[in-house]
Amino acid sequence: MIMKDGNSIYLDNNLWTSVSNELPNAADVLGEGSDDGTDNFAQDVSDEYAILSTSATREILTELHPSPLNIFKLWQAFLENVNPLTKIIHAPTAQQQILDAMSDLGKLCMRSFSDPHTIWTLCGIAVRIAQRIGIHRDGSAHGLSIFETEMRRRIWFQLMIIDATSAQFCGVASTPLPATIDVKPPMNANDSDLDPRMTEPAYEKPGPTEMMFVLARSAFGKWLLRVSNQVESSNSGPWAFLSSSSMSLKDKDKTIDELEAHLEDRFLRHCDKSIPLHMATTMMARSAIYYTRLMAHHPRQYQDPNTRISQAEKNVIFENCLKMTEYADSAQNNPVVRKYSWHMVNHMPWDAIIFMLSEMRHRTDSEEKSKVWQLIGNVYSGHIKTISKNGPTPLHMAIQNLIVKAWRTYIDECNLNHRAPTPCPTIIASLLASAGGISSTEQEDENFPASEHGAGIQDQPRHDRSSSQFGLEAENFGFLLGNSPQDWNEWDNLLSNFQGSFTDDAAYLS
């Protein structure tokens, strides 16, 4: 690790390390010129920028900056809504830098792109830059200050999260990490416990701190990677072991129990759910546990396409799906975590919704069915509002056809058993109206304006929409109410295509 004036270059090549002591400046190691602190980006557009940008037009953006007052308001919004879930900065230090920058607006950053493949590519560049300056090696072993070591740890762990998330939305496995990585997790300490001049490590509090959300997510990721490496080859992806036959279902449940106990002891038992960050941490951790259990028991794990799952196993899957959807509903609608909705809204429990809709016709508990319909109505309605500007994807068309089929089956069952159905959720009423043939029994909310809640799906006749936009007819979704592994192959194709086309910036900040 070669350090000079706050800059660093990391070398692990024998040739370079043998001659590095002969060079006066860290920049000289890689043949770089001196840095006079000026930013030439606004004066010239490089070929590299043209590759990464949709436009290579040179623009001076100084006049487009918000006013100093609005800059500070945006900074406060970041501190309240984003910083608690990312924690890659030391807020007091960054605030001073922002105040300095406000006095000289000639200093720009590049706005993030929303295309998932571009985000994934840029994440790769960020990871390579981080490796180049040694952020993947723990600073405590290379003479870095306590403060700088801590901030570099925060950056590396957040980079890994963003890289893995962007890879998932592109439908690819995360890049295997070098064996040389030895970065320790960030400390369980508040920003007020850290100072650039500190000479002794901060005292790590045993209870909750500002780092709670980040550390809980890191603990989950560390567990996932550890168990995956024990069971599967490194290039099979961290989730592969959950659907692998190399680990018994009993052992999978046991290791998930261990994860839950660890998260409970270290984080969840300390949470005060009236505090937004604590509530967000609880939702994230619980949802991750239920999702992991769902993946361990998921129908797609069975290799034989003719396999039919026992009702006892279906009950386990259904229970975890229900819990996942409850947390998704709470994440969207609980006022305590409303300021974190940019993170929450894009985590749709697709697998859970698909399985519950497919399995509903086999359930006998009427109260449970009413609860499921209410949850699905809430969660899907909230999601539709975020994607209405782009129109429905093939995944949405399949989901919506599944909702319509499942609701009609539910109504027929209620009529057969002379039982009053639960009130029709607004979004489902819209889908039924769009599909045609809605009855007065199904349409509970007569004042419902379909044009406001259908999110663009009701503007055309059903067959015209599906054939003109996607070349698909509703009848092509014959797998909708199945539950075999073969059926899930079809759903996986739609989920993969949807993730690859998803273009909401917030998804890549999560």
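This is a predicted model: local features need pLDDT of at least 70, side-chain atom pairs count only at pLDDT 80 or more; totals for chains, interfaces and linings use all residues.
## Helices H4 and H6

Helix H4 covers residues 68-81 and helix H6 covers residues 91-102. Their axes come within 11 Å and cross at roughly 165°. Angles over 145 degrees count as roughly antiparallel, and H4 and H6 are therefore roughly antiparallel to each other. The crossing of H4 past H6 is right-handed.

On the H4 side, the contact is made by Pro68, Ile71, Phe72, Trp75, Gln76 and Leu79. H6 contributes Ala91, Ala94, Gln95, Ile98, Leu99 and Met102. Of the residues in this contact between H4 and H6, ten are nonpolar, two are polar and none is charged.

## The nonpolar cores

The largest nonpolar core has 76 residues, and within this core Trp373 and Ile403 touch the most other members. Helix H11 (residues 276-297) supplies twelve residues, the largest share of this core.

Leaving aside residues up to four places away in sequence, Trp373 touches Leu357, Met360, Ile403, Ala406, Trp407, Tyr410, Thr422, Pro425 and Ile428. Another core, of eight residues, lies apart from the largest one. Among its members are Trp156, Leu159, Met160 and Val183.

## Thr282 in helix H11

Helix H11 also holds Thr282. A residue counts as buried when its relative accessible area is under 20%. Thr282 has 4% relative accessibility, so Thr282 counts as buried.

With residues up to four places away in sequence not counted, Thr282 touches Leu268, Cys271 and Lys273.

Key:
Residues are numbered from 1 along each chain as its sequence is written. Side-chain values use heavy atoms; hydrogens and water are left out. Axes are lines fitted to C-alpha atoms, for helices over the stretch in contact, and angles run from 0 to 180 degrees between N-to-C directions. Helices (H or I, at least four residues) and strands (E, at least two) are DSSP runs, numbered from the N terminus. Angles under 35 degrees count as roughly parallel, over 145 as roughly antiparallel, 65 to 115 as roughly perpendicular and the rest as oblique. A crossing is left-handed if the near helix is turned anticlockwise from the far one by less than a right angle, and right-handed if clockwise. Contact means heavy atoms within 4.5 Å. Ala, Val, Leu, Ile, Met, Phe, Trp, Tyr, Cys and Pro count as nonpolar, Asp, Glu, Lys and Arg as charged, and the others, Gly among them, as polar. A nonpolar core is a set of buried Ala, Val, Leu, Ile, Met, Phe, Trp, Tyr and Cys residues joined through side-chain atoms within 4.5 Å. Buried means under 20% relative accessible area, exposed over 50%, partly exposed in between (1.4 Å probe, protein chains only).
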